[in-house]
Amino acid sequence: MDKLVIQGGAPLSGETRISGAKNAALPLMCAALLTREPLALSNVPHLRDVTTMLRLLGQMGVKVSRDDRSGATLHAERLAEPLAPYELVKTMRASILVLGPLVARCGEARVSLPGGCAIGLRPVDLHIKGLQALGAEIEVEQGYIAARAKRLTGARIVMDLVTVTGTENLMMAACLAQGTTVLENAAREPEVVDLARCLSAMGARISGAGADVITIEGVASLHGATHHIMPDRIETGTFLAAAAATRGRVSLHGADPAILDAVLEKLREAGAELESTKDTISLAMKGRPRGVNVRTAPYPAFPTDMQAQLMALDAVASGAATVTETIFENRFMHALEMQRLGADIEISGNTAVVRGVEKLQGATVMATDLRASASLVIAALVADGETTVDRIYHLDRGYERIEEKLAQLGARIRRVN
Ligand code: EPZ
């Protein structure tokens with residue numbers, strides 16, 4: 001199993017380019033199921049989750065072609081079987097995003113329940129409840145969601161809590177429903193907006209994406225389109241946090257500062273100097289960072305997918321800080337691994353108290369999930385001596401060529417298997 005070996009202590013410096021967003025690419029690929037014509041996507045990141053999604057769609061009959069850069073064309077002219085098997089779904093929860101499009105397009109779908117996850121229970125009850133409100137008959141049998149509907153019918157759906165993929169699933173399904181759907185308490189994440197932009201280019205009638213009420217007027221069919229995927233704001237935030245923790249100076253190209261307010265605000269509070277243009281963010285951290293309090297919440301508040309990385313920054317900052325996780329009930333696994341590097345972190349319920357230490361020491365640590373692994377890489381870049389980060393397959397799910405990009409910024413890092 002691949003590991004990363006990192007020699008800490010070098011401040012990151014230089015420039016690198018940000019890839020397309022994983023959490024936009026996954027729902028966008030599922031949108032191809034909604035039309036018989038080709039959907040051409042550009043800025044598609046090379047990630048394990050993207051490969052898994054292409055396999056999932058391919059086994060349903062979607063013709064997939066990738067060019068030698070970051071383009072992919074998906075053509076769902078005919079679908080063999082509207083089935084998402086357990087073998088694939090268990091490796092990637094986002095597979096649930098085929099459910100809405102399949103019911104809307106084929107009138108039926110069989111999708112394996114995603115099962116448990118390292119960061120929390122993560123049920124999909126709101127996806128199911130929303131589709132039932134659109135008129136689908138749904139049964140859960142032998143670990144599969146079996147859904148049927150001659151044609152979905154528009155409805156007003158008030159979601160009990162903000163769910164990103166739940167909003168995306170229902171928005172896609174509602175595009176081909178009879179009549180108008182109103183999603184209330186919808187997710188406002190930029191990835192939802194990017195999906196709505198692509199669906200509109202395919203002929204969908206959507207208004208309000210980015211706000212907490214989204215209205216979708218159903219149409220009889222959608223056509224093909226081309227769409228350039230938005231930059232990955234979590235990859236951007238991860239590199240900025242790494243630069244701040246190592247007291248470095250970096251520029252990230254192909255980024256979008258407009259969708260990172262909460263993260264940039266916290267980095268400024270920590271003492272970073274930030275400059276940005278339309279598509280480049282530069283950060284310089286001259287002295288020791290200051291500890292910053294963080295509380296995660298749905299967009300536009302501070303993203304849960306940046307919580308672990310900020311904890312790594314706080315672990316070497318001056319002073320103490322609190323990190324409160326309000327979205328997932330088990331997203332502090334990285335804290336226990338950081339303690340192995342000498343971090344001073346105390347957890348009580350959904351809050352961690354982080355007392356910054358002068359120095360971390362290299363050791364062997366184990367990644368438990370995607371963002372936890374990114375935080376351990378940041379801690380290792382700061383630590384004295386050598387750190388081995390084990391189980392980095394988690395990292396490959398969401399970061400494109402991370403060790404190459406970090407090496408470009410002067411990190412002493414190598415992959416070993
Ligand atoms: C998306 O997951 C992202 N994944 C996650 O990123 C991200 O952490 C999360 O949104 C929150 O921002 C993708 O976009 C592919 P939710 P999602 O539904 O949609 C509860 C990463 O690191 N809930 O918004 O699955 C749920 O348990 C990943 O890239 C229900 O109770 O998250 C959680 O507590 C990790 N019932 C909360 O809502 C439901 O039916 C928010 O989850 C759905 C969700």
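Predicted model: local features only at pLDDT ≥ 70, side-chain atom pairs only at ≥ 80, totals over all residues.

Trainee: How many residues surround the ligand, and which are the closest?
Mentor: The ligand is surrounded by 21 residues, and the closest of them are Asp125, Thr163, Thr165, Asp305 and Ile327.

Trainee: What does the side chain of Asp125 do there?
Mentor: An N or O atom in the side chain of Asp125 lies 2.6 Å from a nitrogen atom of the ligand, while the side chain of Thr165 has an N or O atom 2.6 Å from a ligand oxygen. For Arg371, the distance from a side-chain N or O atom to an oxygen atom of the ligand is 2.8 Å.

Trainee: And how much of the ligand does the protein cover?
Mentor: On its own the ligand has 830 Å² of accessible area, and the protein covers 87% of that.

Trainee: Which elements give two or more residues to the shell?
Mentor: Those are helices H1 (22-31), H5 (125-133), H6 (164-174) and H12 (370-382), and H5 gives the most, with three residues. By residue type, the shell divides into 10 nonpolar, five polar and six charged.

Trainee: Switching to H5 itself, which residues are buried there?
Mentor: Leu126, His127, Ile128, Gly130 and Leu131 are buried in H5, and their cover includes helix H4 (99-106), strands S8 (137-141), S9 (144-148) and S10 (156-158), and also H6.

Trainee: What comes just after H5?
Mentor: Just after H5 you will find Gly135, which takes a positive phi of about 100 degrees.

Conventions. Residues numbered from 1 in each chain as written. Heavy atoms only, no water. Near = heavy atom within 4 Å. Polar contact = N/O pair within 3.5 Å; in protein donor to acceptor, adjacent residues only side chain to side chain. Areas by Shrake-Rupley, 256 points an atom, 1.4 Å probe, with all protein chains shown as cover. Helix = DSSP H or I, 4+ residues; strand = E, 2+ residues; numbered from the N terminus. Nonpolar A, V, L, I, M, F, W, Y, C, P; charged D, E, K, R; others polar. Buried < 20%, exposed > 50% of the residue type's maximum accessible area, 1.4 Å probe, protein only. Contact = heavy atoms within 4.5 Å.
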